[in-house]
Amino acid sequence: MPNPLDKRRAKRLPIKLDLTISDLFCQDNVKANIEEADIEVFDISTRGIGFYSKSVLPLNFYFNAKIVLGDPDNLVYTVVKIVRVQKTDTAFIYGCEFVGLPDILHPAFEKYEQSIQ
């Protein structure tokens, strides 16, 4: 039975991915001045990702991501929006949502979930 206090709209799956953000932009086509930021993705769902980074990244900015879901042929290309940040002693924890991820890509997440069970 789902936890009624959990407000997530999609099931989170554990994942370990290392990505690099080289460009951040917002809706007004304004770019953030950042050096490349290394991130470590720790969970993923059809709605978004959670990741750690030592870099300070601005809220409500976007970046392009190529995500490999286990199998190298199971790829998702998407735009990600940073919606939440929490500072810890050693890094920042970010919550992000996918922007405009078409439903046609949801089977890639189902295939990944089956592969980790």
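In strand β8, I93 is the bridge partner of Y52. The structure described here is a predicted model, in which local features need pLDDT of at least 70 and side-chain atom pairs count only at pLDDT 80 or more, while totals for chains, interfaces and linings use all residues. Residues are numbered from 1 along each chain as its sequence is written, and side-chain values use heavy atoms, with hydrogens and water left out.

Helices (H or I, at least four residues) and strands (E, at least two) are DSSP runs, numbered from the N terminus, and two strands pair if DSSP finds at least two bridges between them. By this criterion, β5 and β8 pair in the antiparallel sense over six bridges. Strand β8 also pairs with β7, again in the antiparallel sense, over eight bridges. Here V85 stands opposite Y94 in β8, and a hairpin of four residues joins β7 to β8.

We turn next to the interior. A nonpolar core is taken as a set of buried Ala, Val, Leu, Ile, Met, Phe, Trp, Tyr and Cys residues joined through side-chain atoms within 4.5 Å; buried means under 20% relative accessible area, exposed over 50%, and partly exposed in between (1.4 Å probe, protein chains only). The largest such core has 31 residues, of which I44, I49, F51, F63 and L69 touch the most other members. Two or more residues are given to this core by each of β1 (13-21), β4, β5 (48-53), β6 (62-68), β7 (75-87), β8 (92-99) and α1 (106-116). Strand β1 provides the largest share, five residues. With contact defined as heavy atoms within 4.5 Å, and neighbours within four places in sequence left aside, L69 is in contact with I15, I44, N74, V76, A108, F109 and Y112.

D43 is buried because its relative accessible area is 11%. Its side chain makes a polar contact with the side chain of R12 at 3.0 Å. Such a contact is a pair of N or O atoms within 3.5 Å; within protein, one must be able to donate a hydrogen and the other to accept it, and residues adjacent in sequence count only if both atoms are side-chain atoms. Not counting residues up to four places away in sequence, D43 touches R12, L13, P14, I15, G48, I49 and G50.

Charged pairs complete the picture. Side chains of opposite charge can pair when their charged atoms come close. A salt bridge requires a side-chain nitrogen of Lys or Arg within 4 Å of a carboxyl oxygen of Asp or Glu, and a search of the whole structure finds six. In one of them, the closest N and O atoms of K11 and E113 are 2.6 Å apart. K11 lies in the segment before β1 and E113 in helix α1, so this pair ties together parts 102 residues apart in sequence. K11 counts as exposed, at 56% relative accessibility.

Another salt bridge joins E40 to K16, with closest N and O atoms 3.7 Å apart. Because E40 lies in strand β4 and K16 in strand β1, the pair ties together parts that are 24 residues apart in sequence. E40 is partly exposed at 32%, whereas K16 is exposed at 59%.
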